[in-house]
Every structure is written in structure tokens, then in C-alpha cells.
Amino acid sequence: ARARSGTGLTSWSGPLKGTFLIGPIANASNFIISEVHYAPLPPGTPAEMAQATDASAFEFLEMMNISATDTIDLTDVHFIAGIDFTFTGAAITSLAPGERVLIVCNQSAFEARYGTGYSARIAGEFAPTRLDNAGERLHLVDALGLTIADFTYNDKHPWPTESGFAGYSMVLKSIAAPNPDYTLAGNWRSSTGLGGNPAASDSSLLVGAPGADDDNDHFENLLEHALGTSDSDPGDTADTFSASLTNLEVNDVFDDYLTITYRRNLAADDVLIVLELSFDLVNWVSGDTNLTFVSEIHQGDGTSLVRYRTNFPHDPATQSRVF
């Protein structure tokens with residue numbers, strides 16, 4: 001805009017520029033980072049190898065409008081740490097309720113791997129060309145400079161380790177909640193399938209009554225949902241969890257520890273599994289002072305096998321401890 005005072009060509013002021021946002025703007029209450037794919041598999045097909053020589057070319061971030069009613073303006077939403085990207089002038093500058101948007105490292109490489117069906121959801125490419133696989137800070141702000149998301153992920157427990165090297169993405173749980181705590185590692189999980197879920201969700205919620213047992217296998221609906229088994233198949237709950245004494249090396253010393261291994265449905269974002277330990281089957285305790293995480297291994301079928309051990313070796317002469 002210019003202001004005029006008087007007549008003639010010299011009566012105009014110099015230009016004054018500004019950006020004015022009309023309607024709901026993206027902020028921490030309606031816009032979230034929902035998926036980060038920072039450690040993709042390297043190129044493996046001829047089409048992929050024609051577009052990229054390095055795995056980082058297939059990185060992407062997914063964001064989502066979680067408002068139930070408002071189309072939000074993404075103008076001037078931008079990163080100030082981790083990567084360089086702004087939605088000003090991007091291919092997508094607004095999102096309808098529930099819509100997702102992608103920013104990718106290399107769009108040609110992305111389309112070679114995922115196809116062109118996602119292209120309409122890609123806002124553009126970010127720089128630099130690599131997210132740090134060992135962990136990096138990502139800081140996204142809105143048009144007013146206020147924080148939308150600010151967190152530092154890594155590839156070590158309690159963060160989802162399978163997202164750090166095996167080709168799975170890192171997915172935010174409970175995406176409907178505004179202002180999620182991105183810094184809490186337990187709010188993230190590995191994707192159910194290799195390559196993640198760009199512009200889509202792999203989450204599944206409990207269907208039916210939690211306490212029902214339709215297949216009469218003594219595994220209620222909620223437990224089957226948590227384990228990734230079916231309440232219509234009484235034969236699929238075998239080997240879903242076990243407890244045993246295992247000889248483990250702890251602090252350079254081998255000893256027998258009570259361990260428990262259970263199967264976890266990665267898509268069950270509405271379930272929280274908490275292990276408890278009892279000395280007498282009456283009083284139960286949990287937490288890091290009693291149990292130590294050992295491993296979590298993705299099974300490639302949407303589930304993982306999770307293993308914990310007690311913090312003390314088993315003494316058969318004096319101890320009777322059970323999960």
C-alpha cells in the first residue's frame with residue numbers, strides 16, 4: 001500500500017508491505033505435527049534409485065488440522081529449528097478440518113516410493129536434506145511466532161527405537177488432543193508398517209464392549225485389542241505373553257532375572273499397558289524402580305514384542321516373585 005498526500009507523482013509515499021490473516025489461523029490448539037519419518041530405508045527399486053542415492057531423500061513430516069469445524073490458514077507457519085520450511089507461498093496454505101499436509105525432503109524420490117496419489121497433499125520440500133537419525137530438535141511456530149511444537153526426538157528408549165533404523169516412521173498418539181506434549185517419548189510410537197503412513201492414519205480404536213469375550217478364550221475384548229489379536233478367533237492368543245527366568249548380563253555380571261515378554265498392538269493408541277510386580281499377589285508395584293525395559297522388536301505385522309526384567313536377580317531360596 002502507498003499513501004497519497006497532495007497531487008502529482010511525488011505525492012505518493014514509499015510502499016508499506018504487510019501480511020493480513022483473515023479467519024482461523026494455524027496454532028498449537030488446532031495444528032499438530034503427527035508423523036516424522038527421519039530414518040527411511042535406502043532406495044531399493046530401480047525407480048527409487050533413479051531419483052535418489054541416499055535414504056534421507058525419502059524423509060517426510062506430516063502435519064494435521066485437528067479442528068472439528070475450522071479451515072485454518074497456514075500462512076507464515078514455519079520451522080525455526082531442525083529444518084527450513086515456511087508455508088508462505090507453499091503449494092498448500094490452508095487445511096480443512098481433519099486434513100493432513102506433507103512436507104518432504106525430495107518430492108521426486110517420495111513419489112518414486114509412495115506413488116503420485118499423495119502429491120496433492122505435499123506442500124513442498126524442506127531443507128537441509130537430512131534429519132539427524134540420532135536425534136534432532138524440531139521447532140515449529142505460527143504466524144505470530146508462538147510455538148506450535150518444540151521437541152527433540154532420538155532413537156533410544158523410551159523413544160520408539162524402531163523408527164530410528166528399521167524404516168518405520170515415528171507417529172504421534174492421540175492426535176485429536178490439542179497442545180500435545182511432544183517432548184514426552186511415550187506419546188510417540190513406531191508406525192505399523194514400513195515407510196510410515198503419509199497423509200493417512202494407521203491407528204485403530206477399540207470396537208465393542210471392553211469386557212466382552214465373544215470367542216470365549218478368556219481374553220476380553222480390551223486385552224485382545226491391546227495385544228493385536230481377534231475376539232472372534234480363540235486360537236490366536238498363543239504366545240502373546242510369557243514370564244520366565246532368563247540369564248542376563250547386567251553390569252558385567254550374568255544372573256537369572258524374572259522377565260516378561262508381551263505382544264503389543266502398535267495401532268492401539270487408546271490403550272496404555274502398565275506392568276506390575278507383586279511379592280505376595282496382594283500388593284502390586286510398577287515403575288522404573290522395579291522393572292527395567294530390555295527390548296522392543298517390531299514384528300512387521302503391526303505388532304511388536306516388548307520385554308522387561310526385574311531390577312534384581314532371582315533368589316530361589318528367599319524370593320517368590322510373580323507378575
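Student: What makes the largest nonpolar core a core, and how many residues has it?

Tutor: A nonpolar core is a set of buried Ala, Val, Leu, Ile, Met, Phe, Trp, Tyr and Cys residues joined through side-chain atoms within 4.5 Å. In this predicted model, the largest such set has 39 residues, and F31, V36, L61, M63, F87, I103 and F151 have the most contacts inside it. Strands 1 (31-37), 2 (60-65), 6 (100-104), 8 (136-141), 9 (147-153) and 10 (170-172) each give two or more residues to this core. Strands here are DSSP runs of E, at least two residues, numbered from the N terminus.

Student: Why is F79 called buried?

Tutor: Buried means under 20% relative accessible area, exposed over 50%, partly exposed in between, with a 1.4 Å probe and protein chains only. F79 has 5% relative accessibility, so F79 counts as buried.

Student: What does F79 touch beyond four places in sequence?

Tutor: Contact means heavy atoms within 4.5 Å. F79, in strand 4 (residues 78-81), touches I33, L61, M63, F85, I103, H139 and L140. F79 and L138 are 59 residues apart in sequence and 7.3 Å apart in space, C-alpha to C-alpha.

Student: How do you know that strand 16 and strand 17 pair?

Tutor: Pairing needs at least two bridges found by DSSP. Strand 16 (residues 291-298) and strand 17 (residues 303-310) have seven, in the antiparallel sense. F293 stands opposite Y308 in strand 17.

Student: Which conventions apply?

Tutor: Residues are numbered from 1 along each chain as its sequence is written, and side-chain values use heavy atoms, without hydrogens and water. Local features need pLDDT of at least 70, side-chain atom pairs count only at pLDDT 80 or more, and totals for chains, interfaces and linings use all residues.

Technical notes. Helix = DSSP H or I, 4+ residues; strand = E, 2+ residues; numbered from the N terminus.
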